[in-house]
Amino acid sequence: MKISYLQIVALSILLISCGNDNSNESGQSNFSRFGGNGARQATSVETNIVEVGQIADQVRSFGNVKAQNVISVLPQVSNRITEIYVDLGDTVRQGEALAKIYDATFRDQLSQAESQLEQSRIALRRDSSEYQRQQSLMERDLTSESELDIAQAAYQSSRAQFESARSSLTQAQEDFNNTIVRSPVDGVITNRALEVGDLATTGTELFQIASTNGYESRIYLPVQDWRAVKVGQEVSLRISNESGISAEGVVSRKSPQLDATTGLGEVVITLTSVGNAVYPGVLAENVINITTKDRALIVPRSALVEQVETVINPESNTIELERSYSVFVSRGDSVAERRELELGIEQGDRIEVLSGLLPNDRIIVTGQSGLDDGARINVATGDQFQAPQERQIGGNANESGRQAPLANMNMTDEERAAAREKMQNMSREERMAYLRELRQQQADSTSNGQ
């Protein structure tokens with residue numbers, strides 16, 4: 001039987017219409033069953049309650065800890081070194097002997113100065129007596145004016161020579177005393193430049209002493225941070241190889257101007273308490289608290305979704321990027337709701353939220369990158385986000401295909417149900433600890449039964 005072209009077209013339309021009317025048992029079309037939008041699968045996500053706590057606006061910079069006062073010990077006389085009494089790291093007291101310089105020549109100079117002073121004292125005594133005698137004779141008109149003037153001049157010359165000899169003796173005594181190099185302060189020897197036998201010269205550093213009166217850290221900040229830092233603000237210091245706070249301090253001084261070359265401003269931090277890991281020269285991170293808020297809404301940086309828009313500035317004819325941030329909130333544990341945020345203080349991975357969230361909101365912290373506003377979600381526990389190699393294998397699996405950790409334990413159905421209910425609100429670490437405890441209890445009971 002021949003079929004006309006019109007009959008073929010009519011038959012095709014009938015078949016297509018019948019196919020579109022067919023639905024599966026749940027009322028979804030074939031298109032929906034094979035990936036249509038009407039049956040998009042829910043996205044598994046993990047949620048956390050918005051944190052309410054303390055957050056601080058901080059300035060961070062690295063600087064070396066140093067003694068507040070570092071003194072260079074310079075020899076006051078020049079000669080070779082005969083003895084050195086201290087070494088690096090030694091603690092010294094003010095006035096303690098550090099080294100000895102060859103003193104024979106200075107001892108001779110001292111003896112010579114003493115002799116010259118004694119000679120000048122004798123001459124002064126003699127000329128003083130002669131001057132007084134001439135004055136007495138002049139009062140009785142037994143001498144002339146010229147004789148009196150000569151006696152007066154001799155007396156004044158002897159007195160000047162005596163003063164000069166006494167000054168020379170003082171200098172000679174000082175030089176002789178300086179052959180013993182002494183510490184000017186209490187402190188620790190941080191550097192020794194010369195050895196026994198070396199020539200010590202005035203103006204050349206022999207020792208360097210760090211005063212033990214206190215420590216400080218000097219940091220250099222860009223203009224915005226330098227402007228925000230104020231004298232009196234508290235500072236926490238952390239040594240680079242330490243996990244916790246190693247010292248506490250306070251901003252004690254601040255340079256009134258920026259360095260013309262680097263554009264940085266100097267800030268001096270005085271340490272008020274130090275730990276065992278703090279010593280001169282160690283590198284430390286200085287954390288200055290600018291502003292602290294006690295009850296702020298805080299979200300982790302990883303939960304934020306960033307939107308970047310390109311905007312053309314008509315005035316400058318340049319392209320600028322405008323960034324906005326949002327998070328997804330779980331509504332009824334089944335729908336994701338986008339919330340636009342106004343952000344505040346940032347402290348490491350924690351960010352303050354000024355508006356857009358409420359204290360009881362549950363934000364999506366895992367799985368939010370591909371969500372849209374109003375998307376279907378399935379709130380999962382942390383176990384569902386484990387890497388495959390971290391999941392236990394062996395034993396019976398539950399309906400979702402994951403390992404049921406209670407399946408291979410010797411427990412009744414009631415005990416197993418109670419354990420599952422108890423683990424629902426636990427974190428992953430708490431669940432693992434609880435399971436270890438159950439296994440240990442079963443092992444102990446088994447060994448006791450044997």
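Modeller: Ser-330 counts as buried because its relative accessibility is 12%; buried means under 20% relative accessible area, exposed over 50%, and partly exposed in between, with a 1.4 Å probe and protein chains only. This is a predicted model, in which local features need pLDDT of at least 70 and side-chain atom pairs count only at pLDDT 80 or more, while totals for chains, interfaces and linings use all residues. Residues are numbered from 1 along each chain as its sequence is written, and side-chain values use heavy atoms, with hydrogens and water left out.

Ser-330 belongs to strand β17, residues 318–331; helices (H or I, at least four residues) and strands (E, at least two) are DSSP runs numbered from the N terminus. The side chain of Ser-330 makes a polar contact of 3.3 Å with the side chain of Asp-333. Such a contact is a pair of N or O atoms within 3.5 Å; within protein, one must be able to donate a hydrogen and the other to accept it, and residues adjacent in sequence count only if both atoms are side-chain atoms. Setting aside neighbours within four places in sequence, Ser-330 is in contact (heavy atoms within 4.5 Å) with Thr-47, Val-335, Arg-362, Ile-364, Ile-377 and Val-379.

Buried residues also form cores. A nonpolar core is a set of buried Ala, Val, Leu, Ile, Met, Phe, Trp, Tyr and Cys residues joined through side-chain atoms within 4.5 Å. The largest has 18 residues, and Val-267 and Ile-288 have the most contacts inside it. Strands that each supply at least two residues of this core include β2 (51–67), β14 (265–274) and β15 (283–300). Beyond four places in sequence, the contacts of Ile-288 include Val-59, Ile-219, Val-251 and Ile-269. Apart from this core lies another, of 17 residues, among them Leu-98, Ala-99, Leu-194 and Leu-206.

Next come the sheets. Strands of a sheet pair through backbone hydrogen bonds, either parallel or antiparallel. Here two strands pair if DSSP finds at least two bridges between them. Three bridges hold β6 (residues 97–101) against β7, and Lys-100 has Ile-180 in β7 as a bridge partner. Lys-100 of β6 is also the bridge partner of Glu-83, and β4 and β6 are joined by three bridges.

Finally, the structure holds one aromatic pair. The rings of Tyr-131 and Tyr-155 have centres 5.6 Å apart and planes at 10°, so the pair is stacked. Rings of Phe, Tyr and Trp (its six-membered ring) pair if their centres lie within 6.5 Å; planes under 30 degrees apart count as stacked, over 60 as edge-to-face and the rest as tilted. Because Tyr-131 lies in helix α3 (residues 104–139) and Tyr-155 in helix α4 (residues 145–177), the pair ties together parts 24 residues apart in sequence. Both Tyr-131 and Tyr-155 are buried.
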